[in-house]
Amino acid sequence: MAPSSPERGGIVMSIQHNQSQAARSGAAIAGAVCSSAPWKASIVAEFAEVVGNEAVNAEYRHLVVNCSEEAAAAQPGQFFQLLCPQPAGEQPFLRRPMSLYGADPEKRQVEFLYKVTGAGTRGLDMLKPGDRLDIMGPLGVGFTLDPAWSHIVAVGRGAGLATLAPLAKAAKANGTQVTAIFSARRPELLVSVELFQRQGADVIAVTDAEATSGPANVERILRRQVAEGRCDAFFTCGSSRLMRVQQRLAREFGLPGQVAMEQQMACGIGLCYCCVRDFHVNGEIVNRRVCWDGPVFDLMEALP
Amino acid sequence: MSATGKVDLSVRIGGLTLRNPVMPASGTFAEGLEKVMDFNRLGAFVTKTITRELRAGNPLPRVVERPGGLINAIGIPSKGVPYFIETTMPHYAAYDTPLVVSISAPTAEGFASLAAELSIPGIAAIEANISCPNIEEDGKAFAMRAESTEKVTRELRKATALPLWVKLTPNTGDVPEVARAAEAAGADAVVVANTILSMAIDLKSFKPCLGNIMGGLSGPAIKPIVLRQVFQCAKAVKIPVIGCGGISTAEDAIEYMLAGASAVQVGTATFLQPAAMTTIIDGLEAFCLRREIPCVADLIHGVVIEEADEPDLAWLDPVS
């Protein structure tokens, strides 16, 4: 099952309706509801049931919830907006965007990996099996895997490792080999390593503690992958420095790439324009919404 | 008429009849909500504010949360009029829901020319955003004063025959006076209100939390304040008042209508529960059914203010 961009069915449908309906008069009066096919929501907020919420290392926790079929159909690179419980003395008001860490359509489950850093994640930390959590998603445009790619390279650091995680299963299903270059401050803080290895990926760990995580060393590793014909595309998340290295190599060798971007969000569905970033598109700098136009973007258009 | 056909949910706003009193607040609504709700259920569409000039919007961060609400300083990013007409409008033409376009300009003349240009088939009303706290220095806006409100409204009135809604600011001491000025200059309705000018400071860096330093507070935190302003304005003017401020539930909407609102706008609530507007519409109907209120419009100005009884002092009269 290869990940694909979420359909924009609603918008396509509205353009078709446009052709079949007469233009409204200036002072339109709302009349009867039009008699087209019954409308169905494709983004819903729902109560999911917590199955597990356990620490995986000193920093990260792994949250698993039972959810609807629609939510469990989430694709790698997509995200959910979680309405976090309120920890004592704190009131997280907005939903918190959280990358998909795993999705299981058969078990109807989705998984998240999070680090406790603020009021929202302190609220998530309180969840126990059996608790309800209001989740909204899947949201945004995820990663795309071309069936023609036989080998891809995934480069991640920090929380970016969680975002890249669902690629491992999707790549295997696509018949694509993966080399994962994972960066962290210390070896014990690396996540997703076993998850990738279980799917048959080669994982190369680089860390600050071992002085192997600098851009020069990562570039050396990447050049070897390219030289050995093991890089049809770059996938990255979590480090601007490593993204720049890949952009340089992608340009040099004419390779495609995708990057999952992060930004503070409010609505998560393209309404508020809080999460805009600059992108370099056809020689122009344009603003795009990370939540709606992304969070996965063309590697060459992304700016740090 | 409602989904069950038992409650008349329609309301009249000037020359426009809405199928129900619930619509989005400008800036919190876009085509993406098509995936969340049936657009044919809404009372109206209200677009993000558009300007003639292309605007990138404010520096990031553009939002910070506080208990019961959020402060935003988006800064009205706008792709201009041709983009709106060619790209945004067609999305809404598919629906049988009136399209209200929110506009802003730096001058009264600019407002008027924009209103004239947008007085075209497919647009049901103009909402003049003369109250955005984020695009003028220190939150100054036309709606801060009655005189400037009257001037810009008069220019707008001359420029368009469409229903004209004027969106007022809560950041002034005498909102009813400003509402009266809008009415005198020909507004068909006033929207009360916009966000409340606010600020937040980060205690790690000592820097303001927003790139724009100040922003507008919205959400449940502001509801009692704006409800009071709607109550005052509805007494001060004869034109309809559209309530906007912290409405998250049907109960909030009912409270606003009792205070004098003819319709309500829902904004920040959509960020938390994307289907908030349709939930509110269902709740309005359920409330009217339960209380045997045949028309939701019967709620407007329904607040019961009991006069204090005059004490009966007759027994003190020594003669009787």
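## A salt bridge between the chains

In this predicted model, the side chains of A:R96 and B:E65 meet in a salt bridge, with a distance of 2.6 Å from N to O. Across the interface of chain A and chain B, the rule finds one salt bridge, together with eleven residue pairs in polar contact, both residues of each pair being at pLDDT 80 or more.

## The side of chain A

The elements that give two or more residues to the side of chain A that touches chain B are α1 (9-20) and β7 (132-139) of chain A, and the largest share, five residues, comes from α1(A). By class, this side of chain A has 26 nonpolar, 14 polar and six charged residues.

The contact as a whole draws 46 residues from chain A and 51 residues from chain B; between them, the two chains bury about 4200 Å², of which 59% is on carbon and sulfur atoms.

## The sheet of chain B

Chain B holds an open sheet of eight strands with parallel pairing, in the order β3-β14-β13-β10-β9-β8-β7-β4. Its edge strands, each of which pairs on one side only, are β3 (22-24) and β4 (45-46) of chain B. Three bridges join β3(B) to the parallel strand β14 (residues 261-266) of chain B, where the bridge partner of B:V22 is B:V264.

Helix α4 (residues 175-184) of chain B packs on this sheet, touching β9 (164-168) and β10 (189-192) of chain B, and its direction makes about 160° with that of β9(B). Helix α5 (residues 223-236) of chain B lies across β10, β13 (241-244) and β14 of chain B, and runs at about 175° to β13(B).

Technical notes. Residues are numbered from 1 along each chain as its sequence is written. Chains are lettered from A and ligands numbered from 1 in the order in which they are written. This is a predicted model: local features need pLDDT of at least 70, side-chain atom pairs count only at pLDDT 80 or more; totals for chains, interfaces and linings use all residues. Side-chain values use heavy atoms; hydrogens and water are left out. Contact means heavy atoms within 4.5 Å. Buried area is the accessible area (1.4 Å probe) that two parts lose on being put together, summed over both. A salt bridge is a side-chain nitrogen of Lys or Arg within 4 Å of a carboxyl oxygen of Asp or Glu. A polar contact is a pair of N or O atoms within 3.5 Å; within protein, one must be able to donate a hydrogen and the other to accept it, and residues adjacent in sequence count only if both atoms are side-chain atoms. Helices (H or I, at least four residues) and strands (E, at least two) are DSSP runs, numbered from the N terminus. Ala, Val, Leu, Ile, Met, Phe, Trp, Tyr, Cys and Pro count as nonpolar, Asp, Glu, Lys and Arg as charged, and the others, Gly among them, as polar. Two strands pair if DSSP finds at least two bridges between them. Axes are lines fitted to C-alpha atoms, for helices over the stretch in contact, and angles run from 0 to 180 degrees between N-to-C directions.
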